[in-house]
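Hello! Here is the structure I promised to pass on to you. Have a look at it first, and then read my notes below.

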Amino acid sequence: MMDRNTIKDTGILEQYLLGELSEEQSIEIENILKEDKELREYFSKMEDDMEQMALENAITPPVHIKTAILNEVENPSLIGKEKVIISQARKKVSYNFAIAASLATLFLLSSGWLYNQWKNTERTMITLQQETNDLRNRLVNLEDNYKETDKWYQAINQPEVVQLILKGNEKSPNSAAIAYVNHQNKEVILNPKGLSKLKNDKTYQMWADVDGEMINMGVISANQEMITMKYIENAASLNITIEPVGGNDHPTVEQLISNVYL
Amino acid sequence: MKDDLELIRKLQNQDSYALSKVYDLYSGALYGVILRMCKDESLAQDLLQETFMKIWQKSHTYNPDKGKFFTWSYRIARNITLNALRKKNVLIQNEDLSVYKDRSTSEEKEILGLDGSLKKLEPHHQRALELVYFNGLTHREAHEEMDVPLGTFKSYIKQALKKLRESYKEELLIVWIIIEMMR
């Protein structure tokens, strides 16, 4: 009998695994393996590797083989006629297979088409949604604008409101502002749009003349259509001066550009 | 890679569902061997069927103590295929030899090309394993085919298996690392 290392070296285990050995030799190897645990483990690892290698190199056989095998196993009486039956079964199987394949193709095509349709619809939906949002935003803006305009309109379109034009003097001949004074509600609204543009470090400021004293009515911020100014009781006149940005405590009289008596 | 002994016991008790399971597990691996041996799809399909019929009929003779179920199945497939090729060779010798010779075109070689860790081995190791395992040659035939002494050929096989084992270990390690990382 051979010892463990000789067996490993001769490669006889590999031949045994592959089924190359004669029956006598195989039985001899089987007996040795039965006795030698370490050798058995060595062989078992070899088996694992070969199996792994075979699995890695597997090729999937056609489906009809499995069907044929199971048919044959479940109807053993037919074994005698196996050749005929197998070929018939194969034809039938391939016929069924063709039907299944065409159905599958049809299904695939229609799924593709549906998928496309769905994608198209999705795109349209997104566009529509964007448009709707856009419209909604525009509506909100319009509404705000309208409310703003309406507010001013309501404020100035009343019988008790006095409309005063503040024309620019020689310092600013092209300027003109409109003041709406409501003595009942004690409101002054100014439309400064007609005032000439100033440098960035200057601003217009409005003053009320009460008994010879100029009282601040507020800074006229640029780029506005309508501004509410402070209402001052017993004002004799309204005056506009040019002041440094942020406004002044006392009017720079030399920079008076317009005044109007009430 | 432990065998499912419960499944094999059911197969031995002629449970056709177990056969179906065994087929799902091993048909690809066995078909890969058979097709590489005979290089003829329609013949390979018949032989695969024959192999599984034999596995079914002879399953009671399989003894788990003697080796793995796949080894046992592999031997059946290999023997059936070699027998069929021998018969075919006798037939072909009466006709045209070139028919048989022309079979292994480069196109077929590509389809039947080997995969997995085997591909990473050095060419002579790969070739040696391919000849005995996938082409069904005996060690004696294979060493002549490769034109090296039998002893050298045997060491090729041994080294090839060793390398294969190392690469499987490496793969296992990588899989283990991936699993650990996923936790």
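**A buried valine, and what surrounds it**

B:Val33 is buried, because 27 other C-beta atoms lie within 10 Å (buried means 20 or more other C-beta atoms within 10 Å of the residue's own, exposed means 12 or fewer, and partly exposed is in between, with C-beta atoms placed from the backbone). Before you go on, please note that this is a predicted model, in which local features need pLDDT of at least 70, side-chain atom pairs count only at pLDDT 80 or more, and totals for chains, interfaces and linings use all residues. Residues are numbered from 1 along each chain as its sequence is written, while chains are lettered from A and ligands numbered from 1 in the order in which they are written.

B:Val33 sits in helix α2 of chain B (helices are DSSP runs of H or I with at least four residues, strands are runs of E with at least two, and both are numbered from the N terminus). Leaving aside neighbours within four places in sequence, B:Val33 touches A:Ala54, B:Tyr74, B:Ala77, B:Arg78 and B:Phe134; a contact needs C-beta atoms, placed from the backbone, within 7 Å. B:Tyr74 is 41 residues away along the chain, yet its C-alpha atom is 8.2 Å from that of B:Val33.

**Where the chains meet**

How many residues of chain B are in contact with chain A? There are 44, and they meet 34 residues of chain A. On the chain B side, α2(B) gives the largest share, eleven residues.

One meeting point pairs helix α5 (residues 63-74) of chain A with α3(B): their axes come within 10 Å and cross at roughly 35°. Here axes are lines fitted to C-alpha atoms, for helices over the stretch in contact, and angles run from 0 to 180 degrees between N-to-C directions. Among the residues making this contact are A:Ile69 and A:Val73 of α5(A), and B:Leu48 and B:Phe52 of α3(B).

**A sheet in chain A**

Chain A also has an open sheet of four strands, in the order β1-β2-β3-β6, with antiparallel pairing (two strands pair if DSSP finds at least two bridges between them). Why do β1 (161-167) and β6 (227-229) of chain A each have one side without a neighbour in the sheet? They stand at the edges, each with a single partner strand. The twist averages 25° from one strand to the next.

Strand β3 (residues 187-191) of chain A is joined to β6(A) by three bridges. To find one of them, look for A:Val188, whose bridge partner in β6(A) is A:Met229.

Enjoy exploring!

Terms used: Two residues are in contact if their C-beta atoms, placed from the backbone, lie within 7 Å.
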